[in-house]
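Morning, everyone. I'll talk about pockets first, then helix packing. Here is the model.

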Amino acid sequence: MGQKVNAIGLRLGVNRNWDSKWFAERKYASSLHKDLITTEFLTRVYEKEGILVSRVIMKRTFDTTFIFLHLYSPAEGLVDKVVNKATLDKTLTTINGTEVELKIVDVLQYTKKRMKTIREISMELAAYRSRKYFNESLQVIGTGMIVKSALLLSKYFASQIEKDFRHNQFIDFVKKVLPLFLEKLPEVQGVRIQFKGRLNGSDRSKTQWFKYGQIPFHTLKERIDYGYTPAFTLYGVCGIKVWICFAAPLDQENVN
């Protein structure tokens with residue numbers, strides 16, 4: 001059962017809370033629709049500029065909507081420069097019909113204390129240093145593991161699959177990187193990645209998956225984050241799924 005459903009939805013009410021926090025006696029469908037439109041709008045606006053959205057948390061009161069937007073930018077300070085905040089607030093107010101307070105969390109700042117770990121891993125993978133995605137991949141994978149965001153990892157993997165048709169090279173690189181991060185990050189118990197589609201331009205769809213550490217899908221008490229992102233390639237749509245199992249408790253108020 002655990003492998004057939006969303007690992008987050010399966011654990012709602014057990015050790016995971018909802019990302020949308022509000023109560024509505026009436027017009028429930030309308031409020032839910034606004035949440036979906038808001039999430040899709042923010043995702044498209046920022047990812048068009050190369051900034052990945054790892055999580056969107058929404059809280060509604062009678063006259064105000066609070067949005068906590070977790071973003072990953074390749075460069076520090078880029079989040080505040082690429083989007084006109086006044087225009088963004090005006091559009092969000094129109095969508096939700098209430099006053100909107102947007103708080104942006106740049107998840108890159110949570111990796112500053114672990115930069116030494118990322119540098120150590122880069123030294124162990126010196127043979128791959130010539131690849132154009134080497135430094136970027138280490139930073140994104142390290143950030144995703146530290147802040148425990150499976151969605152961030154799946155979105156980055158999908159973007160790389162879309163850029164280069166030689167998918168096996170990148171997948172092999174990911175296989176080399178993940179065990180090293182698990183050794184350096186004791187709070188992460190396990191990770192599983194699945195790529196499915198016409199990888200490397202094959203005639204038929206195939207599935208490549210690999211797992212490091214422990215990922216107990218059926219154990220509800222285990223804290224597992226899940227992310228899925230489709231990659232639109234020249235050969236069709238490829239699906240990327242990521243599961244991260246970790247020991248630290250989920251806290252809805254911060255980046256974890």
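Start with the lining of the largest pocket: by class, 23 residues are nonpolar, 13 polar and 11 charged. On the classes: Ala, Val, Leu, Ile, Met, Phe, Trp, Tyr, Cys and Pro count as nonpolar, Asp, Glu, Lys and Arg as charged, and the others, Gly among them, as polar.

Ground rules. This is a predicted model, where local features need pLDDT of at least 70, side-chain atom pairs count only at pLDDT 80 or more, and totals for chains, interfaces and linings use all residues. Residues are numbered from 1 along each chain as its sequence is written, and side-chain values use heavy atoms, with hydrogens and water left out.

How much space lies in the largest pocket? About 1300 Å³. Its lining has 47 residues, and the closest to the centre are Asp-19, Thr-39, Arg-55, Val-56 and Leu-151. Elements giving two or more residues to that lining are α1 (7-10), α2 (28-47), β2 (52-60), α6 (150-163) and β7 (223-233). α2 gives the most, with 9 residues.

Terms, quickly. A pocket is an open set of points on a 1 Å grid over the protein atoms alone, where a 1.4 Å probe fits, with protein on both sides within 12 Å along at least five of seven lines; lining residues have an atom within 4 Å of a point. Points are joined across faces, edges and corners, and volume is the space filled by probe spheres set on them. Helices (H or I, at least four residues) and strands (E, at least two) are DSSP runs, numbered from the N terminus.

The second largest pocket has a volume of about 310 Å³. Of its 15 lining residues, the closest to the centre are Ala-24, Ser-31, Arg-60, Thr-61 and Phe-62. α2 gives the most here too, with 3 residues.

Now helices. α4 (residues 115-124) and α5 (residues 134-146) pack at about 135 degrees, axes 10 Å apart. Axes are lines fitted to C-alpha atoms, for helices over the stretch in contact, and angles run from 0 to 180 degrees between N-to-C directions. That makes α4 oblique to α5. Under 35 degrees is roughly parallel, over 145 roughly antiparallel, 65 to 115 roughly perpendicular, and the rest oblique.

Next pair. The axes of α5 and α6 come within 9 Å and cross at roughly 160 degrees. α5 and α6 are therefore roughly antiparallel. Contact (heavy atoms within 4.5 Å) involves, among others, Val-140 and Ile-141 of α5 and Leu-152 and Tyr-156 of α6.
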